[in-house]
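The structure is shown first.

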Amino acid sequence: MKTTRSKVRMLLGMALMVAASFGHATESGGSAYAHGAEGWMTGMLPPPGDYYLNYLNYYSADRLNGPDGKTQIDDFSIEAKANVFRYVKVTDKRLWGASYAFQVLMPVVDLEVEMLGQRDSRTGLGDIIVDPFILGWHFDDLHVVAGVDFILPTGRYDSQRLANIGRNYYTIEPALAVTYLHPSGLELSGKFMYDISFENNKTSYESGDEVHMDYAAGWRFGKWSAGVSGYYNKQVTDDRVSGRTVGPDGNRGEVLAIGPSIQYRSKTAIFSASFQKEVDAENRPQGEKVWLNFILPLGG
């Protein structure tokens, strides 16, 4: 049982915060980003001003998959609820023809995990994200935003617990977001990221680098947009403990999700709703996710 439990804990990695705002799991294929959070208009930086964005997320899964994409144990479930508070400041300064902005994100997380007869839960502040340098360009129908997020280990972490709402290590995440808006109403949006994670000093565990993207595609009808959204994540380097590769495959995680999405644009705010089903997953949980997001200008 000890060997099985050790293996499952290694596989659990991303489960421990898989829908918990912008601070996913700890270790073993974990990701610092809440996949699927961005979709519509993700490459469009708004005009100068202050903006409040709110992300409400629910995730559940009852599968914990191994490297072959098949479930590893029957006794497993995870349920995570999160609300992420995001502030974006778009300045009137320009650099290299782009608008300059900065942001901060603060997630509040409620996480519950059951595995092998054990149950654990935690609620509180997750890992805060800051980005002091964001640039946004507009080229007719094409819009581009670039930045570098820094994920800080501010959430609570305990290596002996199943449920953690913090990761206990730093992550650097360069990001490039692109939106194409055709006059016919077609929208294609994607946010492309690369995660570089540092070592967890309490476990000597270092999660491998990841490439991932959020996407949305659909059509605009007046104030409405409708189509599909989702995400794809692939770990490209091995997980390591004290410098040694974890398992025969480096415990490299991979996941693909897709589902319906809508957006509504009023005169004062933008609202969106998305359902995303993970259709394939390796070395991580496989489940379903719901997003309810809005953007609200805060004046001038």
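Which residue in E13 does Arg-240 stand opposite? Arg-240 faces Thr-245.

## Basis

The model is predicted: local features need pLDDT of at least 70 and side-chain atom pairs count only at pLDDT 80 or more, while totals for chains, interfaces and linings use all residues. Residues are numbered from 1 along each chain as its sequence is written, and side-chain values use heavy atoms, without hydrogens and water.

## Open sheet

E9, E12 and E13 form an open antiparallel sheet in the order E9-E12-E13. Strands are DSSP runs (E, at least two residues), numbered from the N terminus; two of them pair if DSSP finds at least two bridges between them. The edges are E9 (205-206) and E13 (244-245), each pairing on one side only. E12 (residues 240-241) is joined to E13 by two antiparallel bridges.

## Largest pocket

The largest pocket holds about 790 Å³ of space. A pocket is an open set of points on a 1 Å grid over the protein atoms alone, where a 1.4 Å probe fits, with protein on both sides within 12 Å along at least five of seven lines; lining residues have an atom within 4 Å of a point. The volume is the space filled by probe spheres set on the points, which are joined across faces, edges and corners.

There are 44 lining residues, and Glu-38, Met-41, Met-44, Leu-53 and Ile-295 lie nearest the centre. E16 contributes the most, with five residues.

## Confidence

Mean pLDDT (the predictor's confidence in each residue, from 0 to 100) is 89 for the chain, and 89% of residues reach 70 or more. In residues 1-26 the pLDDT is below 50. Where pLDDT is low, the predicted coordinates should not be read in detail.

Conventions: Helix = DSSP H or I, 4+ residues; strand = E, 2+ residues; numbered from the N terminus. Contact = heavy atoms within 4.5 Å.
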